[in-house]
Amino acid sequence: MVEDSDSQAESKDLPPQDERGHDKPGDNDEVEDEDDTDADEDEEEEDDDDEEDEDEEEDEPKLKYAKMTGNLGPVYRNGDATSTFLVAGDKMCIGTHNGNIHVISLPSFQSVRVYHAHSASISGVSISPFPPPLPTAVPDAVARVAGQAHGSQRTPSVASEASTSARTARTPQPVLNIPSNAIHIATSSIDGKVCVASLVDTKDVHFRDFARPVQAVALSPDYRNDRTYLSGGLAGNLVLTTGVRPGNSSTTTTGTYSATATGLLGSLGLSANNGKDTVLHYGEGPISTIKWSLSGKYVVWINEMGIKIMRSHLHLESVDIEDAWKRIAHIDRPDEGNWEEMASVWKARAEWIDESNLQTDDEEPGDAATSSAAATKLKQVFKNNNGVEKLLVGWGSKVWIINVHPGVIGKGKNVGERTLGSADIIKILRLDCVVSGLSLYTPTLLLVLAYIPAEDEDEEEEEEEEKATKSKESASAKGHKSKSSAASTTSSEPRGGIIRRRNALSPELRLLDLVSSQEVDTDGLTISRYERLSSSDYHLGVLPATRAVQATPTPRGALEALSGMGSGMWNATLSATINATALLSSTASVHSNGGGSDTGSGRRVSTTGSIRPGHHRVQSAHPHMKPPGMKIFIQSPYDCVLATKRDLSDHLAWLLEHDENQKAWELVHEHPEVISTSVEKLAEIGPGTPDRVQFGDDFYDESTSAGDAAVQVIDSAVEKEKRRIGELWIQQLIEEGNWVEAGKVCGKVLGTSTRWEHWVWTFAGANRFDEITNFIPTQMKPQLPSTIYDVVLGHYIAHNRPRVKELLENWSPDLLDIKSITTALENQLKSRDFSEDSVEDGEVGRDWRIVMESLGKLYTADGRPREALKCYIQLHDADNAMNLIKQYHLIDAIADDIPGFILLRVSKEQMRNAPIEELQEAASEAISLLVDEAQHGLLSPEVVVKQLEEHKLRLYLYFYLKELWVGEGIEELGGVNKERLVAESRALVDSVADLAMQLFATYDRSLLMDFLKSSTYYTFEKATQVCEEREYIPELVYLYSKTGQTKRALYLIIDKLGDVSQAISFAKEQDDNDLWEDLLNYSMDKPRFIRGLLEEVGTAINPITLVRRIPEGLEIEGLRDGLSRMIKEYEIQHSISFGVAKVLRGEVAAAQSTLRAGQRKGIKFDVVQKTVDHIDVETETHIPEHTHEPPQPGHCVGCREPFTGSENETLVGFACGHVFHLSHLLSYKNPERPVTPPTVELDENGEFVQTHSIGTKVTHARILRDQIRDGCPVCTP
């Protein structure tokens, strides 16, 4: 139970202090006025009981626990027990009842040093400065490498703590002097002594005997430099010791100071300053706790009368040096209940908090709206700024949260004065337990180690069973059952004896919400022999959450190290971890005076340390220390328990343990790292050797990196775990009878065909086909056996045929055993359970149609399209029937019933009432298919025409012939021109041209004219008769003109149409003078025709003749415009003709000039002069086809031979520079032409001679002109 008193405490400031730290006379010592009564407590307890009864569901704890006692075996050697405890940075310091101090390195739990400094129980321990925090644990790989590097070094055995004179002392290996080891450790004991020892320097040891039990000691954060510490105990004196020197021991009595050197310098007879003791406060009872603040500016100490805060000597300006050690605030102990008698019994716990190192608040989504405002306010109050430091104090059943503010310069009447500082109480909590330790878990969550005192004997007897249960489980305010943190290896039953004593209850670790003052989480801790322990036997130590590794670690000063306490968990440097194995033993001993002035009679106290056995190897971090987050240590005399925040893997384990399989699966799905980060889980789940089938050959490729392989293994493990959890989820739903949800989950979580097969058979065995069918996968490798799909379809074929249709639409036929399914469907047809006329659910023939459609689909998939076509025709399913005919060319299958095929989409109602356009649309697909088959020569038009005429379907016959004639849908194929394909299609109509002409005349007159003009296979007489019957004048005009009856055609135009323009056009087309004469004669008495002739006749007839033929006195409307237009047209025609003639003359003149210039131009070529001894060697060569290679000067282009001075043959040269022998020129493009020049003849000696006959010259000139008409044959190929 928690009671919140912050509403009163927030407005209260602590009373001012006098110079010695005592309260000023008249000051009110009361800090808090609590109005809570026992009745209120009883009501709250009843409310809590009601909440526990109502909330039966167990909530997940926030922390997990691990017992570390086994890792601290040397601490409990020889029956020893721990009496004090401290964790800081990478060090754990434990003091025992036998006076031993154990220094242990974290996170490996290796012993660094063990030494004996006291003869009785150690009551307090302090470190200066705090060891540098280490961000991360040393990786296992680094630990192995370091272990191999130092594996050959061996350490000496454990040194005996007996007199070292009995044997030769071993020289201990020194502790490495690194920042984390450069610390001083101070311990206090009930033997009245304080020991301050350096971890690195074995000679730096200081002893001080105060002759009264010392309960607390606190080293200055800068002890390395100022050699200052505070101590206090049962004497009630707060003693400041300054100026201590190493190697010294001194004795002082309460209230006085005397010191005599008995250390190293004293043994030499050289006295030295052993330090100075100053009593800062006294007279208020024993002092139980002393703590320096993180900055070193403030010190808090607690005695029987209350909590005191004072300013230290650190960080003071030179002008404020007198303010050192002055008290700035105090809080009186509560004056109620049994505080007066228990104040000295309850050990006060004080913690200075560094909020920057706290866990982050993780609110539940539902709580955010209700607590956000209060939480924000509290965070703003808690926010540490402007040098404000936060202090937590737990004493008895009370918790104080205090903000300590630095001194400021006064204002108003106190202007210029500087205050030492002040303290404000932010919140006060009253608990139903004794605080044995406390800290802040998050800015809004308070962590409390709760000691549960024993209840009254009467209640104990009445509720013995209930208390036994509560010793194992403690219920939180939220109502969940807390779990034991670790199993105790020692019986917790009370030891036998005559004296009856009330046993204490097991301690609890609680998380309290500072906003609502409610317990968020409570866990009972199983501690060995807890029945005999008191609240002061327990200790709580906290290591804050880890931080990122710094790029370059540097040594820090005392204050820096202290203020940075908890800034990180481990330092992942090799040297820091090696330090954990370098254990030191000091051979120096310090003589302590037993009392009085006799300095020689003091007993010898051993400070000999021991080197722990083992090799100098780097050990990796303890598994429970590796996870990030805050580390919480709970220490009792016989146990050490580590509490850490539960991570995702713990959350997963909790969900699985409580059968929250759905949430567990969703957790792994959203956070696969919950598996990949758990080494134990990977070892349990992941395959030892990757499956070659699963990962493929690429997994074993040498080029595949180890990182890629690891990712594949992790991904495989994650998927495997998801499937395992998913099947647990499915099984849970089935056991609950929720088959519908189980089917949905199957579709989500199952990933292998074998598991799918298993669960489908499970559902089928329970006759739960509907729940699983929709989720059976259709695409999976390897694929599910076809038996699975066959069984499901077989079930629905017998019980739910509409479902069969849905499944066949969604399932590929490749998944099925088609023969078995078609057999089942055929048996259904044979069974006559339904027919085409049967009614199912108000629908006629529903099941019959479904079975027929299914058969058609399966027949098609099985390669039996003809059987499928029969099914679709019975169903009148034109779409599928058409597709089959097109795809498999099954037109021959319906060749005997073409009318039925065409009417496949045409209903009887449409045949009676539908317009032509609608009927054409309905029959278009069938008609197009028939036309396509005709164009490919597979079904002749005569067959189609014959069947359609027999069934008197002339309209559909028109559709067919029209599409053949127009050639719709024809596209260029294989490079064949489209016009040619259309012409070939039109040729198919030639055999039924007269029928086509009649149908076109009946249904499409525009197509008739095109047919009459394009086709020559129809009968002109029949065409004329048809056109005359329908009075198609333009068509008749065309027919008459084709048969030579132009005058008749002209009179039809004039009489029937009265269209002068068409008459003139017709006369122009025929270009017949008699026809023009007839047109003029007919038009001379018709002014409209005369005007039309004037405007449109143009130059077709002589305009003078036309004008002279116009009768005199005939009034013609628009005569002037007509004449003007005719004259203007003639002018335009004359202008065009003149311009063309002028251009032609210019071009002819230019061409003639070019010709004459070329003819007059000489052609230069060289003649090769042969020497007297030259021998002509003739070779027969094949002259290749002419290429445009430039000819050599003086060579014939044809034969490539050089010209000589005695050439007998005529040479022909062109302006381009090419020169030929005449014979080679004539045969250049015609190799078959005889090479004998036509202008020469052979004489009696067989040589060419010139002839001078006229016929020969004419022939020569003609042939030469024809040859060179186009110019040079080389340049104009």
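Leu 652 lies in helix α12, which spans residues 648–657. The model described here is predicted. Leu 652 has a relative accessibility of 3% and therefore counts as buried, since buried means under 20% relative accessible area. Beyond residues up to four places away in sequence, Leu 652 touches Ala 664, Leu 667, Val 668, Val 674, Ile 675 and Ile 725. Trp 665 stands 13 residues from Leu 652 in sequence, and the C-alpha atoms of Leu 652 and Trp 665 are 8.6 Å apart.

The largest nonpolar core contains 145 residues, and within this core Tyr 960 and Leu 961 touch the most other members. When neighbours within four places in sequence are left aside, the contacts of Tyr 960 are Ile 927, Leu 930, Val 931, Ala 934, Ser 940, Pro 941, Val 944 and Val 945. Another core, of 67 residues, lies apart from the largest one. Ile 309, Ile 353, Leu 431 and Leu 509 are among the residues of this other core.

The packing of two helices is described by the angle between their axes and the distance between the axes. For helix α33 (residues 993–1003) and helix α34 (residues 1005–1014), the angle is about 150 degrees and the axes are 6 Å apart. On the α33 side, the contact involves Ala 993, Ala 996, Met 997, Phe 1000, Ala 1001 and Tyr 1003. These residues meet Arg 1005, Leu 1007, Leu 1008, Phe 1011 and Leu 1012 of α34. By class, the contact between α33 and α34 comprises 10 nonpolar residues, one charged residue and no polar residues.

Technical notes
Residues are numbered from 1 along each chain as its sequence is written. This is a predicted model: local features need pLDDT of at least 70, side-chain atom pairs count only at pLDDT 80 or more; totals for chains, interfaces and linings use all residues. Side-chain values use heavy atoms; hydrogens and water are left out. Helices (H or I, at least four residues) and strands (E, at least two) are DSSP runs, numbered from the N terminus. Buried means under 20% relative accessible area, exposed over 50%, partly exposed in between (1.4 Å probe, protein chains only). Contact means heavy atoms within 4.5 Å. A nonpolar core is a set of buried Ala, Val, Leu, Ile, Met, Phe, Trp, Tyr and Cys residues joined through side-chain atoms within 4.5 Å. Axes are lines fitted to C-alpha atoms, for helices over the stretch in contact, and angles run from 0 to 180 degrees between N-to-C directions. Ala, Val, Leu, Ile, Met, Phe, Trp, Tyr, Cys and Pro count as nonpolar, Asp, Glu, Lys and Arg as charged, and the others, Gly among them, as polar.
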